[in-house]
Amino acid sequence: MTKMRGDGEGRREYAKSMTESCRKVQEALEHLASIDLIDLCNEAKVEHCRAARDLRSCGGRVQSVLTSCGHASLCEECSQRCDVCPICRVCIPKTGNRLSLRLYYECIEAGLISKRYDDRFQEKDGEKQPVADVERLYLFFDVALENNLLSLICHYITDVCMDESAVSSDPVVVLLLDEVVVKDWCKRIFKNIVSLFTILM
C-alpha cells in the first residue's frame, strides 16, 4: 500500500514538473515570437554588470533586466544592493519583482538552448566578445527555426537588416544588424542540411 502511494506521489511530482517545463517553453516561445525585432539584437548582446565594487566595475554576466527601466545593467547580486540603474539612474523598487529574466536565459531555463553554450561563451569571455553575441543571435534563429517561427528570421532580414533607419552607436549592435551575419547563419544551416542529406543517402 505504501509503495503504491509513493508511486502515485512520484507520478504527480513528475506530471507537475512536466507541466512547469511546458509552461516555461511556451512562455519563452511567446516572448521570442512577440519581441520587437530590433530588441532581439539587445537580447543577443552579452551584457556585463556596471555596478561599482571597490572602485572598479563588477563585470559579472547580466542575466536579467531591471523591471523598473528594462536595462540589462546589473547582475542579480548587485541589483540587491543598488538603488538606481547605473545607465538611466531610474530608482529600483525596494520590494516586489526587481528583475525579469532576459530572453536568452529564459530560453536556457526552458531547455530551448543548452546551458553548455553559455558556459562555453563564459570561458571565452573577453577573447572574442562579438563572436559570442553573434552566436547568441544564431541560437535565437535556431530556436525560431526548430519551433515553426521562421517568419521571425524573414522579418529580421526585411524589417531590421534592410531597414536603413535601423542604426546604433553600439558597435556590437551594428554588427548584429548587418545582413552578412544572417547570411552566414543561412549558409551554416544549409550546409548542415546538405550534410544530413548526404548521411541519409
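Modeller: A polar contact is a pair of N or O atoms within 3.5 Å; within protein, one must be able to donate a hydrogen and the other to accept it, and residues adjacent in sequence count only if both atoms are side-chain atoms. Helices (H or I, at least four residues) and strands (E, at least two) are DSSP runs, numbered from the N terminus. At the start of H9, the backbone nitrogen of Val180 has a side-chain oxygen of Asp178 within 3.0 Å. This is a predicted model, in which local features need pLDDT of at least 70 and side-chain atom pairs count only at pLDDT 80 or more, while totals for chains, interfaces and linings use all residues. Residues are numbered from 1 along each chain as its sequence is written, and side-chain values use heavy atoms, with hydrogens and water left out.

Colleague: What span does H9 reach from its first C-alpha to its last?

Modeller: The expected span of a helix is 1.5 Å times one less than its number of residues. H9 comprises 22 residues, 179-200, and reaches 32 Å, close to the 32 Å expected.

Colleague: Which residues of H9 are buried, and which are exposed?

Modeller: An α-helix has 3.6 residues a turn, so residues three or four places apart point the same way. Buried means under 20% relative accessible area, exposed over 50%, and partly exposed in between (1.4 Å probe, protein chains only). In H9 the buried residues are Val181, Val182, Trp185 and Ile189. They line one face of the helix, because they fall within an arc of 100° seen down the axis of H9; the arc is that of the directions from the helix axis to the C-beta atoms. Lys187, Phe190, Lys191, Phe197 and Thr198 are exposed on the other side of H9.

Colleague: How many residues does the largest nonpolar core have?

Modeller: A nonpolar core is a set of buried Ala, Val, Leu, Ile, Met, Phe, Trp, Tyr and Cys residues joined through side-chain atoms within 4.5 Å. The largest has 38 residues, and Leu32, Leu40, Phe141 and Tyr156 have the most contacts inside it. Helices that each supply at least two residues of this core include H1 (2-34), H2 (37-44) and H9, while H6 gives the most, with 8 residues. Phe141 touches Leu40, Leu152, Ile153, Tyr156, Val182 and Trp185, not counting residues up to four places away in sequence; contact here means heavy atoms within 4.5 Å. Apart from this core lies another, of 13 residues, among them Cys49, Val62, Cys85 and Leu99.

Colleague: How many disulfides does a search of the whole structure find?

Modeller: A disulfide is a covalent bond between the sulfur atoms of two cysteines. The criterion applied is a pair of cysteine sulfur atoms within 2.5 Å. The search finds 0 disulfides. For Cys78, the closest cysteine sulfur is that of Cys75, at 3.5 Å, too far for a bond. Cys154 is in no disulfide either, the nearest cysteine sulfur being that of Cys186, 8.5 Å away. Cys78 is buried at 0% relative accessibility, whereas Cys154 is partly exposed at 43%.

Colleague: Where do Arg89 and Asn148 lie, and what is phi for each?

Modeller: Most residues other than glycine have a negative phi, and most peptide bonds are trans. Arg89 has a positive phi, near 65°, and lies in the loop between helix H3 (76-81) and strand E4 (99-101). Asn148 also has a positive phi, of about 55°, in the loop between helix H6 (129-146) and helix H7 (150-161). Arg89 is exposed, with a relative accessible area of 56%, and Asn148 is exposed at 74%.
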